[in-house]
Amino acid sequence: MSQLPTDQLAARLRGELLLPDDLGYEDARRVYNAAINRRPAMIVRCRGVADVVLSVRFAAEHSLPVAVRGGGHSVAGHGTCDDGVLVDLSGMHDVRVDPEARTVRVAGGATLGDLDAGTQLFGLATPTGQVSMTGIAGLTLNGGMGMLQRRYGLTCDNLLSADVVTADGSIVTASADSHQELFWALRGGGGNFGVVTSFEFRCHPVGPTVLAGMVAWPVDKAPEVLAFLRDYIVDAPEELSADALFMSAPPLDVIPQEYQGTRLIGIFLRYVGADLDPEVVRPVREFGTPVLDFVYPMPYVAVQQMLDPLNPNGNLHYWTGEYLAELGDKQIELLSRYGASLPDPHSIIEVIPFNAAVTRVAPDATAFSHRQDSWLIHILGQWPDPADSHRCRNWVKRAGADLRAIGSGDTYLNLVTDEEVDRVDSVWNKTRMRRLAKVKAHYDPTNMFRFNHNIKPAGPLVSHAQPGS
C-alpha cells in the first residue's frame, strides 16, 4: 500500500481514509460477526457520493477489489475483505420521507432503525427485517424478509429506484424506467453490480402503534405449537405476521423463574391492522398453557427492536437457511429435535411462514426468485466463546444438512455463509443466472465487486434488454 498514492486519495476525500497502521483502523475493520477477521488494505469512511466515486475509481485504476459496507451486519462478512478497498457507507445514513407520495429515500449506510425513525414520524413503514441494527442495503439487495412481508411483500418488492456507483466510477439511477435490467438484478441479486448509495422505497400506512409481542411454551410442546401455527396462519389476516422461535428463555420478570434459562418455543406476533383487534391473536394466546405471554399495543419502532437483545454485536455466528415446501410431521419432528438441542443459549431457530403477498409477485419480476408458498427455516448459530466454535458450527451444519434432505434445495442468501457458496447456483436457475451474469458483465466486467454471493461476469446484454433502455 505504501507504493500507492493513498495520500492523494485522502486529500480529495470529505471522509476519512484509514490504513492498517492508522489509529482507528482496528475498530473500523470489525463487523457484526466476530468470526470474521479480515484486514482491508484501506478503509474509506465515506461522507457522500463523491467519496464513493473517488474510492471506486482509485480501486479501478490500481486493480484493487472493492468490498462495500452498509450496516456491516452480513453474517458472511461481505462488509469487509482482505487486501482490498473497503468502501464504508456507515456515515451515510440520511432518511428523507415524502409523506404525500408515500415514499422514502434512504442512504446506503442507513440501518433499519434509521429508516423506521424517519418513516414512523408520518405513520408510514417499508417492509424490512427483524433486527434494527441491520443495514438496509444488504437486506434489500438479497431480498428482504421481515416484519411486514405477509401484507406488503419483501423489501426489494418495495424498491422504486436506486442510485448506483458502478465499477468504472459512473453514477446511474436504476428504476422501472432507467437501467431496467440493473433494477431487476438489484432486487435479489446481491451486491454484485456496484455501490448503491441510496434507495427509494414505497411506504405503507403502519402504526405508529401496532399489536405485537411473544407467546411461548416449554420446548417439549414444540410439535403441537408448530402444527398449530401451520394451521392458524392459513386463514390469518395478512396484516398479521407470526413466526415461531426456538430460543433460551432470558432472565426476565415476566418469565417464571423455573423456566428462565430453559429452552422455549415462542410465536412472535405483529398485527398491523388499523383496528388492533386483540381477537386476531386470541387463538395463539389461548393455545395450550403458555409460560410467557406479553402481547399488547406498542410502538412499531419498539417492535422492530424487540429481537435486538437476542442478536448483539460481537458474538460469533454461523448460519444457514432452508425453504421447506410443507410443515408436515417429518419436518416438525426434525425442527423440534434441533430446537430442543440448541448448542448455546444465544443460538436460535426461526420458522417463518412464507406466503401471502410475497408469493403473489411473479417469479421473473425480480432477481429474487423464490415465490412459492413454503416455510423458511433460519438456523442461527450464535455463541460468545471462541472455544465453542467447532461444536456450534458442526451443530448448524448437521441441522442444515438434515433440513436440506427434506427441503426444496432453495435458500435465502442473507442466511448463507461463504462456506456455502455452492448454494448460489441453487438460488438462481440457469436462465436466471445467465441473465444476472450479463448484467454483471455490463456493470462490473472485471468482477471488482466480488465480496458477495458472487455472480461471475458473462457476455454482453442481449439486445432486447439493454441496461440503459
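UniProt positions are given here in the numbering used for this chain, and such annotations may be inferred rather than shown by experiment. With that in mind, the unreviewed UniProt entry annotates residues 36-206 as "domain: FAD-binding PCMH-type". The structure is a predicted model, and over residues 36-206 the chain is 22% helix and 26% strand, with the end C-alpha atoms 36 Å apart.

**Nonpolar cores**
- The largest nonpolar core holds 76 residues, of which I136, L182 and L186 touch the most other members.
- Once neighbours within four places in sequence are set aside, I136 is in contact with V106, A107, A110, T111, L112, L115, T128, T155, F199 and F201.
- Another core, of 46 residues, lies apart from the largest one and includes V284, L342, C392 and V396.

**The largest pocket**
- The largest pocket has a volume of about 440 Å³, and of the 18 residues that line this pocket, P250, L252, M306, P309 and L310 are the closest to its centre.
- Strands β13 (240-248) and β15 (292-299) each supply at least two residues of the lining, and β15 gives the most, with four residues.
- By class, the lining of this pocket is made up of 15 nonpolar and three polar residues, with no charged residues.

**Backbone geometry**
- Most residues other than glycine have a negative phi, and most peptide bonds are trans.
- The peptide bond from G207 to P208 is cis, with omega near 15°, and P208 is placed in the loop between β11 (204-205) and β12 (209-218).
- S63, in the loop between α3 (49-61) and β3 (66-69), has a positive phi near 55° although the residue is not glycine.
- S63 counts as exposed because its relative accessibility is 66%, where exposed means over 50%.
- H179, in the loop between β9 (171-175) and α7 (180-186), likewise has a positive phi, near 50°, in a residue other than glycine.
- H179 counts as buried because its relative accessible area is 18%, where buried means under 20%.

**The surroundings of G407**
- G407 sits in the loop between α12 (389-406) and α13 (423-427), and is partly exposed, with a relative accessible area of 27%.
- Not counting residues up to four places away in sequence, G407 touches E322, Y323 and L324.
- The C-alpha atoms of G407 and Q331 are separated by 8.8 Å, while the two residues are 76 residues apart along the chain.

Definitions and conventions. Residues are numbered from 1 along each chain as its sequence is written. This is a predicted model: local features need pLDDT of at least 70, side-chain atom pairs count only at pLDDT 80 or more; totals for chains, interfaces and linings use all residues. Side-chain values use heavy atoms; hydrogens and water are left out. A nonpolar core is a set of buried Ala, Val, Leu, Ile, Met, Phe, Trp, Tyr and Cys residues joined through side-chain atoms within 4.5 Å. Buried means under 20% relative accessible area, exposed over 50%, partly exposed in between (1.4 Å probe, protein chains only). Contact means heavy atoms within 4.5 Å. On a 1 Å grid over the protein atoms alone, a cavity is a set of points where a 1.4 Å probe fits but cannot get out, and a pocket is an open set with protein on both sides within 12 Å along at least five of seven lines; lining residues have an atom within 4 Å of a point. Grid points are joined across faces, edges and corners, and a volume is the space filled by probe spheres set on the points. Ala, Val, Leu, Ile, Met, Phe, Trp, Tyr, Cys and Pro count as nonpolar, Asp, Glu, Lys and Arg as charged, and the others, Gly among them, as polar.
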